[in-house]
Amino acid sequence: MEYHAYYEKVKTTLRDLPAISCTLDCWTSPFNQAFLGVTGHWICEKTWIMHDIMLGFEPLDGPHTSENLASAFITLLDNLGLGAKLFTITTDNASNMEKMAELLQAHSQQDNGWYVTIRYSLSAMIYCPYMHYCRSFEATRRIPCVGHVINLAVQEIIKKGFLS
């Protein structure tokens with residue numbers, strides 16, 4: 001399937017979702033080009049089946065700064081019409097990701113169409129029991145990746161084990 005046809009199919013699929021959660025990770029190529037990978041996750045209201053989709057592998061304009069990450073992520077969400085549907089993001093524990101979440105929160109509080117659309121459906125209550133109170137993306141809805149935490153802990157244990 002041609003890229004543009006696939007992209008439109010993805011947008012159509014995402015259009016009716018009440019909420020979406022995203023995982024984000026950064027990568028730099030051997031040629032020093034930085035990228036932001038974004039995967040979307042949701043549960044189908046009718047079947048209760050979890051779905052995942054690669055939303056983007058966005059080139060960054062420079063290094064992995066919080067501003068560059070936020071800019072790329074906001075642009076991607078805007079292009080897909082997902083800004084007001086963003087429920088959580090899962091990232092590594094780097095300080096740039098924490099700051100990016102704060103920048104997303106600030107962006108969502110502006111008058112830019114990102115205000116959470118209130119949906120009184122079962123799925124909205126599953127995604128966010130207090131959805132009717134959520135008017136914007138909150139930085140506290142950034143979830144550090146437990147796999148990343150475990151990996152860092154094990155690496156530290158191994159390193160200290162070799163040093164002793």
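Helices α1 and α2 (66–80) and strand β3 (50–59) each put at least two residues into the lining of the second largest pocket. Here helices (H or I, at least four residues) and strands (E, at least two) are DSSP runs, numbered from the N terminus. The model is predicted, so to speak of local features takes pLDDT of at least 70, and side-chain atom pairs count only at pLDDT 80 or more, while totals for chains, interfaces and linings use all residues. Residues are numbered from 1 along each chain as its sequence is written, and side-chain values use heavy atoms, with hydrogens and water left out.

That second largest pocket has a volume of about 190 Å³. Pockets were picked up on a 1 Å grid over the protein atoms alone, as open sets of points with protein on both sides within 12 Å along at least five of seven lines, where a 1.4 Å probe fits; lining residues have an atom within 4 Å of a point. Grid points are joined across faces, edges and corners, and a volume is the space filled by probe spheres set on the points. The lining includes Y3, Y6, Y7 and V10, along with M54, L55, T75 and L76. By class it splits into 8 nonpolar, 3 polar and 1 charged residues, with Ala, Val, Leu, Ile, Met, Phe, Trp, Tyr, Cys and Pro taken as nonpolar, Asp, Glu, Lys and Arg as charged, and the others, Gly among them, as polar.

The largest pocket comes out at about 240 Å³. Helix α1 (3–15) and strand β2 (34–43) each supply at least two residues of its lining, and among the lining residues are T12, T13, D16, W42, C44 and H51. The class count there is 5 nonpolar, 3 polar and 3 charged.

Zooming out, the protein has 5 helices and 5 strands, running in the order α-β-β-β-α-β-α-α-β-α. Of its 164 residues, 38% count as buried, that is, under 20% relative accessible area with a 1.4 Å probe, protein chains only. For contacts (heavy atoms within 4.5 Å) between residues at least 6 apart in sequence, 60% join residues at least 24 apart.

A few single residues are worth a look. M97 sits in helix α3 (residues 95–108) and counts as buried because its relative accessibility is 0%. Its C-alpha atom is 9.1 Å from that of H64, 33 residues away along the chain. C22 is buried at 1% relative accessibility, and C26 is buried too, at 17%. The structure holds 0 disulfides, a disulfide being a pair of cysteine sulfur atoms within 2.5 Å.

Technical notes:
Buried means under 20% relative accessible area, exposed over 50%, partly exposed in between (1.4 Å probe, protein chains only).
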